[in-house]
Amino acid sequence: MELPRGGLVFLLWSIALFFASLANRAVGIRFPDRIPELTPTSQRPLRTAVFALGSFWRSEAVFGCLPGVIRTSVGYAAGSKTNPEYRNLGDHAECVRVEYDPKLIQFKQLLDVFWSSHDSRQVFGQGPDVGDQYRSIIFTNQTQEARLAAVSKEREQAKSRSSLVTTEIQQLGVFYPAEAEHQKFELKRNRFLLQLIGNMPDEELMTSSLAAKLNGYAAELCPTIIQRKIDAKIDEIVKNGWPVLREI
Ligand code: MHO
């Protein structure tokens with residue numbers, strides 16, 4: 001009897017889960033992340049959103065921890081310079097690209113996080129960072145997103161007329177990924193967490209959901225409940241003796 005395609009995928013997935021649960025005991029929290037092509041979330045159609053809200057180190061951490069966000073990366077957009085670099089980014093803005101599962105989180109909710117995570121009224125900078133590269137932008141892909149963005153901006157402006165909301169809303173053009181050292185920057189500063197996930201190479205850090213979450217955790221920018229959940233998970237791993245120091 002021929003197995004339908006869906007059935008085959010399910011069977012492979014069950015086998016992978018079984019081995020993952022065995023392997024999990026030995027390698028801590030890393031294994032599920034090693035088989036991204038078999039994770040159920042990545043089989044669903046994902047959407048992409050891009051935002052600029054100041055230093056992209058922080059922006060990536062803000063979005064990485066949200067339930068439903070599958071992957072994050074940082075880069076440059078909104079400018080005219082081709083192939084911008086961190087030290088020479090021309091008129092581009094520092095951005096975060098968020099890949100999310102629309103069944104778990106919606107563009108509207110991402111907008112809420114965008115507004116609550118920076119000061120959209122600050123001119124020519126964000127927080128301590130000065131310059132046009134830190135300007136506030138919502139990038140859109142479709143009319144529906146542009147409409148939602150415009151409504152949310154109006155709502156934000158209506159909160160106070162004492163200053164103007166500087167946020168631009170624009171159609172996304174080219175997104176240039178930033179250099180590797182800027183990806184998951186907050187996580188990379190935390191050697192303990194890096195070790196805990198098995199010192200993933202850069203390419204893997206870029207695509208890993210786990211790394212996106214821990215990047216937010218490292219910066220203490222996850223929603224409190226998630227921050228606590230990860231704390232507890234890490235305590236558990238440490239208590240159970242993983243990673244195990246076998247010799248010295
Ligand atoms: N305040 C930051 C800005 C970095 S950013 C990725 C710094 O330490 O330089 O532009």
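Predicted model: local features only at pLDDT ≥ 70, side-chain atom pairs only at ≥ 80, totals over all residues.
Residues are numbered from 1 along each chain as its sequence is written.

The protein chain comes to ten helices and eight strands, taken as DSSP runs (H or I of at least four residues for helices, E of at least two for strands) numbered from the N terminus. Of its 248 residues, 31% count as buried. Take the contacts (C-beta atoms, placed from the backbone, within 7 Å) between residues at least 6 apart in sequence: 71% of them join residues at least 24 apart.

Back to helix 3. Its buried residues include Phe-56, Trp-57 and Arg-58, and what covers them includes the elements below.

| Element | Residues |
|---|---|
| Strand 1 | 47–53 |
| Strand 3 | 93–100 |
| Helix 4 | 107–116 |
| Helix 6 | 185–188 |

Helix 9 (residues 209–218) packs on helix 3 (residues 56–64) at an angle of about 115°, the axes being 7 Å apart; axes are lines fitted to C-alpha atoms over the stretch in contact, and angles run from 0 to 180 degrees between N-to-C directions. That makes the two helices roughly perpendicular (65 to 115 degrees). On the helix 3 side, Glu-60, Ala-61, Val-62 and Gly-64 meet Ala-212, Lys-213, Asn-215 and Gly-216 of helix 9. By class, this contact has three nonpolar, three polar and two charged residues.

Phe-56 and Trp-57 turn up again around the ligand, along with Ser-55, Glu-94, Pro-128 and Asp-129, where a residue counts if its C-beta atom, placed from the backbone, lies within 6 Å. That shell has three nonpolar, one polar and two charged residues. For the classes, Ala, Val, Leu, Ile, Met, Phe, Trp, Tyr, Cys and Pro are nonpolar, Asp, Glu, Lys and Arg charged, and the others, Gly among them, polar.

Gly-75 sits in strand 2 (residues 69–77) and counts as buried because it has 23 C-beta neighbours inside 10 Å. Leaving aside residues up to four places away in sequence, Gly-75 touches Cys-95, Arg-97, Phe-175, Tyr-176, Pro-177 and Ala-178.

How values were computed: Parallel < 35°, antiparallel > 145°, perpendicular 65-115°, else oblique. Contact = placed C-beta atoms within 7 Å. Buried ≥ 20, exposed ≤ 12 C-beta atoms within 10 Å, placed from the backbone.
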